[in-house]
Amino acid sequence: MSQSIPVITLPTQELLDRMQEVLGERAELHLWPMEGPSGLDHIDLAVQPYMSAPSVLDVLADEEVSAVQAQSLGFDNVDKHLPQGVTYSNAVGVHEGATAEIALGLVLAAQRDLHIHFADQTKGEWNQRFTPGLMGLTVLCVGVGGVGTAIAHRLLPFEVTLLRSASRARTDDLGQVYGPESLPELVGQADVVIVGAPLTDQTRHMFDDEMIGRMKPGSLLVNIGRGPLVDTDALTRATQEGRIRAALDVVDPEPLPSDHPLWTTPGVLITPHVGGRSTSMLDRVVRLLEAQVRHLAAGEPLEHRVL
Ligand SMILES: NC(=O)C1=CN([C@@H]2O[C@H](COP(=O)(O)OP(=O)(O)OC[C@H]3O[C@@H](n4cnc5c(N)ncnc54)[C@H](O)[C@@H]3O)[C@@H](O)[C@H]2O)C=CC1
Ligand SMILES: O=C(O)C(=O)COP(=O)(O)O
């Protein structure tokens, strides 16, 4: 019996070449058609481009597609656009570690004023200063999934007291996880709050005036999840008044308009949604797609299905 060959469309030539190398004859690979229908009878797996546009979802209506594999972990924007009967898998294993690196980088920069030292460097100025650091402080991670856990593991060697909260209370190998009902009390105990939850109806504006108002004076709010988890106006007010500091890889809106006050508010650090953008990302995407193609060839369900 001849082996069934899944048809995969891929968003970039580089990814297609890497897939060809790894999968050889096992898959029939097509570059995703940017304009017009592909002309294929059936597509077993369509790969969502990493950069958001053009979205594979925009062209699915013209194709017979079984499943979409995303190259992102977040899928807050997807459900309304996904045609019925098409499954959607997110990119588990691709971005967690890289996003944790950006979270830790932002925390360390903000807690040791690295940005101020680097600005001094551009002027050749030798200004020594004392900074809060991280050792001995309390850090709250909001979101204990792949990203939150990667952050927690990287934080512990910094000798912090770690608090964690998620959508439900439980214990895991790192200890106690608190439920959402505990969040208002926990934020008041933390010197650093790192938000790594997904964007849902329940989490949108989770950090509003009230929640931000409960944070310790001078504490740091880090957002590496999705911009709308934090109410931008509330955050702008709190940082402009110097009540809290912020370090943001994600903002609302994205891109942040160049005249937005957050860009220039003292105590606010911004990176342009680069959590997942590490050069080793493509290797992890290829490994994920290889595993998914194996499942298709074996007639098994795809992994990491979220929709
Ligand atoms: N900055 C960046 O470049 C990146 C950002 N992300 C964002 O990070 C998010 C999280 O990704 P994963 O860890 O893979 O998700 P996940 O699904 O593995 O974990 C999500 C965690 O958030 C928690 N959560 C859900 N609702 C909550 C609530 N109401 N209160 C507190 N916690 C709640 C869940 O309990 C779970 O612990 C993604 O949805 C995406 O938006 C992901 C990758 C890169
Ligand atoms: O995986 C995610 O959710 C990320 O945020 C990184 O990917 P993106 O830049 O959103 O395509």
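Reader: What makes the approach of ligand 1 to Gly 225 a polar contact?

Author: A polar contact is a pair of N or O atoms within 3.5 Å. An oxygen atom of ligand 1 lies 3.5 Å from a polar backbone atom of Gly 225, so the pair qualifies. This is a predicted model, in which local features need pLDDT of at least 70 and side-chain atom pairs pLDDT 80 or more, while totals for chains, interfaces and linings use all residues. Residues are numbered from 1 along each chain as written, chains are lettered from A and ligands numbered from 1 in written order, and side-chain values use heavy atoms, without hydrogens and water.

Reader: Which polar side-chain atom lies 3.4 Å from an oxygen atom of ligand 1?

Author: That atom belongs to His 273. At Val 147, a polar backbone atom is 2.8 Å from an oxygen atom of the ligand. The protein buries 84% of the 880 Å² that ligand 1 exposes when taken alone (accessible area by the Shrake-Rupley method, 1.4 Å probe).

Reader: Why are E2 and E5 said to stand at the edges?

Author: The open sheet of five strands runs E2-E1-E3-E4-E5, with parallel pairing. Strands (DSSP runs of E, at least two residues) pair if DSSP finds at least two bridges between them. Strands E2 (28-31) and E5 (87-89) each have a single partner strand, so one side of each has no neighbour in the sheet.

Conventions. A polar contact is a pair of N or O atoms within 3.5 Å; within protein, one must be able to donate a hydrogen and the other to accept it, and residues adjacent in sequence count only if both atoms are side-chain atoms. Helices (H or I, at least four residues) and strands (E, at least two) are DSSP runs, numbered from the N terminus.
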